[in-house]
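Please open the structure in your viewer and keep the selection tool at hand. The tour goes from one selection to the next and says what is there.

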Amino acid sequence: MRIATSYISRFLLIFIFFSTVSVANASFKTNGRLIVIRVANFGWNVAANLKINGQIVANIVQGRRYDHRISAGRHVLTVSAVPNNDMRQPTSITVNVRPGRTYIFTALWDSDHVYLRPTILSPAEMAKLGL
């Protein structure tokens with residue numbers, strides 16, 4: 001009887017493990033990937049404040065980037081400079097995220113405001129960035 005119980009317990013543990021992996025893979029494929037790169041000449045003492053749908057998700061400082069999964073659907077990305085001593089208005093862009101796709105944006109300065117520009121990188125540039 002102990003042998004049967006042992007086999008059943010092992011089977012259930014293996015079944016639970018594979019079910020968990022399958023659910024994780026399914027949710028992985030229903031999301032997209034968002035990468036926001038901060039240009040080098042952005043300013044050494046200024047960060048790019050990134051909001052997704054009004055929620056602050058990152059302050060991207062020199063030498064860093066935002067690289068996370070994002071749920072599929074319509075999202076509003078808003079970027080501004082911090083600290084914002086000159087009371088500059090943030091700028092926004094809408095992105096419609098599709099499952100399994102990667103969206104790359106670059107945070108740039110133009111005149112007196114910061115904005116996000118959609119960016120297409122070559123495979124060599126992506127490898128250089130470690131993407």
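Predicted model: local features only at pLDDT ≥ 70, side-chain atom pairs only at ≥ 80, totals over all residues.

Begin by selecting Leu34, Val36, Tyr66, Leu77, Phe105 and Leu116, which are the residues with the most contacts inside the largest nonpolar core, a set of 23 residues. To see where this core draws its members from, colour strand 1 (31-38), strand 2 (47-52), strand 3, strand 4 (65-71), strand 5, strand 6 (91-97), strand 7 (102-110) and strand 8 (113-118), each of which gives two or more residues to it. Strand 7 is the element that gives the most, with 4 residues. In soluble globular proteins, nonpolar side chains tend to be buried together.

Next, centre the view on Val36 and display its surroundings: leaving out residues up to four places away in sequence, Val36 touches Leu50, Ile60, Arg65, Tyr66, Phe105 and Leu116.

Is Ser80 buried or exposed? Ser80 counts as buried because its relative accessible area is 14%, under the 20% cut-off. Once neighbours within four places in sequence are set aside, the residues in contact with Ser80 are Ala47, Ala48, Asn49, Pro90 and Val114.

Finally, select Gln55, which belongs to strand 3 (residues 55-60). Gln55 is exposed, since its relative accessible area of 55% is over the 50% cut-off.

Terms used:
Residues numbered from 1 in each chain as written. Heavy atoms only, no water. Buried < 20%, exposed > 50% of the residue type's maximum accessible area, 1.4 Å probe, protein only. Contact = heavy atoms within 4.5 Å. Core = buried A, V, L, I, M, F, W, Y, C linked by side-chain atoms within 4.5 Å.
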